[in-house]
Amino acid sequence: MFRAGLTRASDEASLMTIHLRADRALFRFSGPEAHRLLNDVVTGEIPSTGDGDGEVAAAWALLSAQGKILAEGLAGHADDALWLDVHQSVADDFFKRMKMYRLRAQVVIDDLRDTHRVGFAQDEEPQGIRHMDRLGPVDMGWRVIAPIEATADWVQNDTSYQQQRIALGIVHQGNDFPANDAFAHDIGMDILEGIDFAKGCYVGQEVVSRMKHRGTARRRPVIVSGVEGPAGSAVVAGGKEAGTIGQVVDGMAVAIVRLDRITDPGTVTVDGKPVEIALPVWADYRLGDAVSADE
């Protein structure tokens with residue numbers, strides 16, 4: 001299985017290629033209480049310092065009170081501010097909610113959708129504002145942030161990024177599941193360091209903590225190969241629906257599935273056709289795992 005960031009290309013020019021991630025929306029949080037606001041609201045360990053020249057970005061999610069993911073992305077510090085990206089499909093709702101949570105806090109929230117873009121680079125460290133896109137043991141390269149006028153030379157598609165993250169079993173909201181549909185554990189955030197279990201209360205924390213301590217996470221990401229159906233197609237095992245696939249690239253997709261329903265991987269189908277199921281290299285769970293309690 002391909003591990004992003006572990007194989008270098010021989011062509012120097014290709015190392016410096018930045019791919020536009022057009023489906024990402026960027027927001028900047030600044031002010032003396034920006035860090036406290038975010039740390040009190042989202043799941044991850046938000047960085048309090050950094051200058052945007054290569055620090056590891058923090059994975060995070062904004063949850064509903066019921067523990068479902070409303071938005072998720074990366075957060076990095078640069079220029080005395082925190083820079084967060086989310087999928088375009090949830091950008092308006094995220095902006096609205098964060099302004100509501102801000103209340104009277106000394107925080108300025110800038111919507112940068114009209115002025116900045118988010119990109120992806122692999123292997124060679126790019127210039128400008130960049131943060132390492134590392135989710136636990138998974139190295140995805142670099143998240144790059146630049147004003148629109150500085151992105152003319154970027155590759156104007158993100159196929160390379162999507163291929164790599166699917167091969168690694170990384171699930172993204174908007175690409176693979178809609179808002180208010182999945183728990184943080186469903187997409188492996190507890191394993192990929194997107195949840196700070198040591199910090200104080202944040203929205204949805206009670207549900208996250210209960211799933212951790214009771215071991216009730218029964219839906220997890222798997223990598224599906226040989227896919228011929230579209231995104232949203234059901235993953236069927238033993239005649240029962242176990243989940244649905246996300247974005248399909250080159251016949252591969254990530255699916256969030258009920259582990260207990262896949263006891264014989266050789267019988268799994270998508271859109272009525274046989275597929276291959278594999279666990280991500282970072283998984284600490286197994287196909288067929290069952291829990292006694294409900295989510």
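**Close-up views of a predicted model**

**View 1. Salt bridge between Asp85 and Arg24.** In this predicted model, Asp85 forms a salt bridge with Arg24, and their closest N and O atoms are 2.8 Å apart. A salt bridge denotes a side-chain nitrogen of Lys or Arg within 4 Å of a carboxyl oxygen of Asp or Glu. Asp85 belongs to strand S6 and Arg24 to strand S2 (residues 24-30), so the pair ties together parts that are 61 residues apart in sequence. Strands (E, at least two residues) and helices (H or I, at least four) are DSSP runs, numbered from the N terminus. Asp85 and Arg24 are both buried; the term buried means under 20% relative accessible area, exposed over 50%, and partly exposed in between (1.4 Å probe, protein chains only). The structure holds 16 salt bridges.

Residues are numbered from 1 along each chain as its sequence is written. Local features need pLDDT of at least 70, side-chain atom pairs count only at pLDDT 80 or more, and totals for chains, interfaces and linings use all residues, while side-chain values use heavy atoms, with hydrogens and water left out.

View 2. Arg36 and Asp40 meet through their side chains in a salt bridge of 3.7 Å, N to O. Both residues lie in helix H2 (residues 34-41), four residues apart, about one turn of the helix. Arg36 has a relative accessible area of 43% and is therefore partly exposed. Asp40, at 39%, is likewise partly exposed.

**View 3. Salt bridge between Arg258 and Asp260.** The closest N and O atoms of Arg258 and Asp260 are 2.8 Å apart in a salt bridge. Arg258 counts as buried because its relative accessibility is 16%, whereas Asp260 is partly exposed, with a relative accessible area of 26%. Elsewhere, salt bridges that share partners join Arg24, Asp85 and Arg143 into one network.

**View 4. Patch of negative charge on the surface.** Asp51, Asp53, Asp79 and Asp80 gather in this patch. Patches are made of residues with over 30% relative accessible area and no salt bridge; like charges are joined within 9 Å, and nonpolar side chains (Val, Leu, Ile, Met, Phe, Trp, Tyr) within 5 Å. Accessible areas come from the Shrake-Rupley method with a 1.4 Å probe, and for residues only the protein chains shown count as cover. Asp and Glu count as negative and Lys and Arg as positive, while His and the chain ends are not counted. The place of a charge is taken as CG of Asp, CD of Glu, NZ of Lys or CZ of Arg. Asp79 is located in the loop between strand S5 (69-78) and strand S6 (81-87), and its relative accessibility of 56% means that it counts as exposed.

**View 5. Strand S8 and its partners.** Five of the six residues of strand S8 (residues 116-121) are buried, so S8 is largely enclosed by the rest of the structure. Strand S1 (residues 18-20) pairs with S8 in the antiparallel sense over three bridges; two strands pair if DSSP finds at least two bridges between them. Phe120 in S8 is the bridge partner of His19. Strand S10 (residues 138-147) runs antiparallel to S8 and is joined to S8 by six bridges, with Val144 in S10 as the bridge partner of Gly119.

**View 6. Open sheet of seven strands.** The order is S16-S15-S12-S13-S14-S11-S17, with antiparallel pairing. Strand S16 (273-274) and strand S17 (276-278) stand at the edges, each with a single partner strand, so one side of each has no neighbour in the sheet. Two bridges join the antiparallel strands S12 (residues 234-237) and S15 (residues 269-270), and Val235 stands opposite Val270 in S15.
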